[in-house]
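Please look through the model below before reading on. The report then describes one of its chains and the contacts that this chain makes.

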Amino acid sequence: MSTTPTNDSKNVLHSDVELQGTLRFSGELSFDGKLTGDIDSDGALTLGENAIVKGNINVNSVLMRGKVTGNVTAKDKIDIKTRAELFGDIRTARLAIEEGVIFVGQSEVNPNKLTPAAPSPARAGETGKSAGPGKPVLS
Amino acid sequence: MSTTPNVNSKNVLNSDVELNGTLKFAGDLTFDGKLDGEINSDGVLNLGDNAVVRGNLAVGSVIVRGKVNGNITAREKIEVKAKAELFGDIRAPKLVIEEGVAFVGKCEVNPNKVSATAPLPPRGAESAKPAEHVIPQPRK
């Protein structure tokens, strides 16, 4: 019962790695290889430029380069660096995206659980005729 | 037919402005007020910290501060600054998001129309070619 994982371990997988299955870690992981499967962790994930992940990522924080096809959930933060390609949905408390990324998917970044702004409150008889904001343009 | 819009105009609407309807412009617009409606332009829109927009934006490029509840389409670039609140879908070839935003909606940022990474080919199938597009020949 005393097998507490070392929380400050620095795990490294380089671009020569190909992996199939679920990957779990508890400290840090730097991943630059190919993964078909999920990553599950309370730690910090860094994806390198060569990383290709097809699967869902569920971590505390992630710094993303490379290519990801799958959903990314981070308790703390998602950092998407330039030239990263992400096809999938993201959910996190803090999001930063650099110019030059590809991101197709749904974003749910709302740490304070805000609701959509209603700019002209108390305007009587508002019938919502103004072109239906929020109606998705994307299929 | 010679009513070329003044493309270099710098339009400013401050936080005391409330607007209901569709807003069009051709050059630059800095908007810091409240809008219930749409903004359509090929120009550059700059939303201020006090801006509250309920409606869709279709512009050349836009810097988002304040609050937007609606969809944003930009021909060039969308920049979402820290503390902005965006509820709606976005579509642009270039996107920059600063840390600290709220963004709930769909995102389509794919300038070169890259498609999702194909699943890893099985080992030894390196020579697998991507499916070729068959272009139907017009028949005479």
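Predicted model: local features only at pLDDT ≥ 70, side-chain atom pairs only at ≥ 80, totals over all residues.

Residues are numbered from 1 along each chain as its sequence is written, and chains are lettered from A, with ligands numbered from 1, in the order in which they are written.

Chain B has zero helices and 13 strands, where helices (H or I, at least four residues) and strands (E, at least two) are DSSP runs numbered from the N terminus. Of the 140 residues in chain B, 38% are buried; a residue is buried if 20 or more other C-beta atoms lie within 10 Å of its own, exposed if 12 or fewer, and partly exposed in between, with C-beta atoms placed from the backbone. Among contacts in chain B between residues at least 6 apart in sequence, 1% join residues at least 24 apart, a contact being a pair of residues whose C-beta atoms, placed from the backbone, lie within 7 Å.

At the interface, 38 residues of chain A are in contact with 41 residues of chain B. The largest share of the side of chain A that touches chain B, eight residues, comes from S14(A).

S14(A) and strand S13 (residues 102-109) of chain B pair in the antiparallel sense over seven bridges, where two strands pair if DSSP finds at least two bridges between them. Because six of its eight residues are buried, S13(B) is largely enclosed by the rest of the structure. Within chain B, S13(B) also pairs in the parallel sense with strand S10 (residues 85-87), over three bridges, and two bridges join it to strand S11 (residues 90-91), again running parallel. Some of the bridge partners are listed here.

| Residue | Opposite residue in S13(B) |
|---|---|
| A:Gln106 | B:Lys106 |
| B:Phe87 | B:Val104 |
| B:Arg91 | B:Glu108 |

B:Lys94 lies in strand S12 (residues 94-97) of chain B. This residue, B:Lys94, is partly exposed because 15 other C-beta atoms are within 10 Å. Leaving aside neighbours within four places in sequence, B:Lys94 is in contact with A:Glu99 of the other chain as well as with B:Glu76, B:Lys77 and B:Pro111. B:Lys94 and B:Ile72 are 22 residues apart in sequence, and their C-alpha atoms are 12 Å apart in space.

Conventions:
Contact = placed C-beta atoms within 7 Å.
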